[in-house]
Amino acid sequence: MSTNKRNRLGNAPVNKLLFDFAVPSIIAMIVGALYNIVDQFFIGRSIGTLGNAATNIVFPLTTSCVALTLLLGIGGASTFNLSMGAKKEKEAAYYLGNAASLLFISGLIMCIIVQLFAVPLLKFFGSPSDVLPYAKTYSIITSLGFPFLIFANGGGHLVRADGSPKYTMFINLSGALINTILDPILIFGLNMGMAGAAIATIVGQIFSAFLAFRYLINCRTVHLKIDHIIPRFKYVEKIISLGASPFINQIALMILQIVQNNSLTYYGALSEYGSSIPLACSGIIMKVNMIFFSVIIGIAQGLQPIASFNYGAKQYDRVKDAYILAMKRAAVISVIAFITFQLVPRQIISLFGSGSEMYFKFAEAYFRIFLFFTFLNFIQPISANFFTAIGKPKKGIFLSLTRQILFLIPLIIILPRFIGIDGIMYAGPIADLVAAIVTLVLAYYELNNLKKLQSEQKQTASI
């Protein structure tokens, strides 16, 4: 049974493997994004613009949790699959166990930090004084769920690597369903407002974490023992090195959110919109964009075990085929998202509550301008995850830094000095275009390298 499961990654048709692994990953990622979308939906309808702005201010904390999830979850999954592909099952068990324990530990550390420094952090994130009370309530309560959030989501990556992508989907679906059911009950039925939204989120995360824990103590391909979960430097180092690329990508996103929030607050106050409208609109639009990115990241995560296993098994033709197929599928989704964002921005923003005409004016412009190159935005995340999956974290890390750190943040700082708040909008498409070009260059050279490795392998076999 376990042997057949492992060999399937090396023998089954690549298109079927990508479908089987990517679809549950996509659903799991969308469901994860819905945690924030659902809260945004109900908060917008109960509290309004200030509530929406508060969730945007708190969002860097969620991004930090996602970063740790990817650092240890993707890093653990990649090291696990590379070891299994190289037929090093004993070593693989240590990677899986170390990653699982570190996920929970990192969540505890995050919880403690927020409990101790919530107000200074929220001010640093750009919170105006009228938004701060809502942001404080939401962050203090949701931080209690960070250990469970990080363990559940990171554990899902480990479960998928073990050959059970559908169970990963189940982990995420169950928690999101609980959150969706409890949100209206606590926010409206019990009149708990922001606190109700936060409590609903925590309950869903605890249940998801329980499901992940139940699976990991009974894995399909390895048997975890107490010794496997005790962190050891040689395993932790490799996990972190292969998880660094998606981790840095999320940290870069968090830094971007902080810079962007502060810029929107400052330049918004100098514009006709005021400080709260740009914050609220940006928060909603970025979370809607998360739905699109959830599909792209889901495809990238579906690609990961296929690329890792076959690269470890030196089946380079399958590695190349899987990457190209993932890029094609992601391109189709990106074009659909681009058309949607350009044609119906007002209808999308209206789902999250009403607002003034000025509110909708800013939202429509932000949608159409900031996300103009959505049809190219699949290239960088798919490629960065691909480099990580084949054990080349340095290239993955570099790509993770391109859009947010090297291009977008400097543009957000520089352009508004000349054209005001519009400069923040135009920074997005410029950064997206340049990042896509850089990524394509690196990907081109890597595909040529795979062809070379494949050719050398055939020559060696013939000799």
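A: Contact here means heavy atoms within 4.5 Å. This is a predicted model, where local features need pLDDT of at least 70, side-chain atom pairs count only at pLDDT 80 or more, and totals for chains, interfaces and linings use all residues. Residues are numbered from 1 along each chain as its sequence is written, and side-chain values use heavy atoms, with hydrogens and water left out.

Q: OK, what does Phe-362 touch, beyond its neighbours within four places in sequence?
A: Leu-264, Tyr-273, Ile-277, Pro-278, Cys-281, Ile-421 and Met-425.

Q: How many aromatic pairs does the structure hold?
A: There are 24. One of them is Tyr-323 with Phe-386, tilted, with 4.4 Å between centres and 35° between the planes.

Q: Where do those two sit in the chain?
A: Tyr-323 is in helix 12 (residues 316-343) and Phe-386 in helix 15 (residues 379-389), 63 residues apart. Helices are DSSP runs of H or I, at least four residues, numbered from the N terminus.

Q: Is Tyr-323 buried or exposed?
A: Buried, because its relative accessibility is 3%; the cut-offs are under 20% for buried and over 50% for exposed, with partly exposed in between (1.4 Å probe, protein chains only). Phe-386 is buried too, at 2%.

Q: Switching topic: what lies over the face of Phe-360?
A: Arg-346, at 4.5 Å from the ring centre. That call needs NZ of Lys or CZ of Arg within 6 Å of the ring centre and within 35 degrees of the ring normal.

Definitions and conventions
Phe/Tyr/Trp six-rings, centres within 6.5 Å; stacked < 30°, edge-to-face > 60°.
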